[in-house]
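Please look over the notes below with the structure open. They cover ring contacts and backbone angles.

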Amino acid sequence: MEYKLQIEFIHAIESKLPLLSFLFYRNNLVQGKPFKYGFRIKNIGSTPLINATISNITIKSASGQDTQSNLSKTYRTSSINPDEAKEIWVDRMGTEMHGLAAVDCSIKSDNSSDTIKTFQKDEFTKELSECPSLNYWVDFFFIRSRSEYSQSNTNILILALTLLIFLATVLPYLKPLF
C-alpha cells in the first residue's frame, strides 16, 4: 500500500520574554540561538496511516558550509487519518551554521511492504512538490547569521530612539493647540 504524507519542518524559538522574542526574533532561526524543532505530518492520501517510524534525521548546510547535525533517535507516529495533521517535536538545538540549510529524514511504515510518498510545501506559493525518493523527505529553511540578527536589532532600537526624540521635540509645540 502507498501512503501520501505532506511533511513540514516546524520550529519554535524558546524565550523567557515572549514580547521581546516577537520583536527581535520574529520566529526566525538565528545562528547560535537555541530552538526546538520537529515535523508537522499531514496525511494527504485516502488511506489512514497506522504507524510509522521517523529516523536518520539530519540538518546540514545547503550553502557550502561543512556543518551537519545528525540525530540518531527514532520517533514513532500514532495513526494519522486522511486530512489529519500531527506534530512531532524532535529535539532542541543551536547551531553555528547560517544561510540555507536542509533537513531530511527517513520515514517508514511498520509494514515493510508499504511505501510512503512524501511531499513538501513551498512556503511562498503553498504548492506541494513530491520528494524524489520513497520513504524519504527533504526540505530547506534559512538560518540568519548572528551579525544580521545584531544589525536588525540595532536598527529597531535606533528607530525607537529616533521616534522618541521626534516626539520629545514636537510635543511642546503641539501643546498650545490642545
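Strands here are DSSP runs of E, at least two residues long, numbered from the N terminus. Keep in mind that the model is predicted.

1. Start with Asn56, which lies in strand S4 (residues 52–61). Its phi is positive, about 50 degrees, although Asn56 is not a glycine. Most residues other than glycine have a negative phi.

2. Lys126 also deserves a look. Its phi is near 65 degrees, a positive value in a residue other than glycine. Lys126 lies in the loop between strand S9 (115–121) and strand S10 (128–130). Exposed means over 50% relative accessible area. Lys126 has 53% relative accessibility, so it counts as exposed.

3. Now the rings. The structure holds 4 aromatic pairs. One of them joins Phe35 and Tyr37: the ring centres are 6.1 Å apart and the planes meet at 50 degrees, so this pair is tilted. Both Phe35 and Tyr37 are buried.

4. Phe39 and Trp137 make an edge-to-face pair, with 5.4 Å from centre to centre and 85 degrees between the planes. Phe39 belongs to strand S3 (residues 35–43) and Trp137 to strand S11 (residues 136–144), so their pair ties together parts 98 residues apart in sequence. Phe39 and Trp137 are both buried.

5. Which residues do ring pairs link into a cluster? They are Phe9, Phe35, Tyr37 and Phe141.

6. Finally, check Lys36 against Trp89. The charged end of Lys36 sits over the Trp89 ring, 4.7 Å from the ring centre.

Key: Residues numbered from 1 in each chain as written. Predicted model: local features only at pLDDT ≥ 70, side-chain atom pairs only at ≥ 80, totals over all residues. Heavy atoms only, no water. Phe/Tyr/Trp six-rings, centres within 6.5 Å; stacked < 30°, edge-to-face > 60°. Buried < 20%, exposed > 50% of the residue type's maximum accessible area, 1.4 Å probe, protein only. Helix = DSSP H or I, 4+ residues; strand = E, 2+ residues; numbered from the N terminus. Lys NZ or Arg CZ within 6 Å of the ring centre and 35° of its normal.
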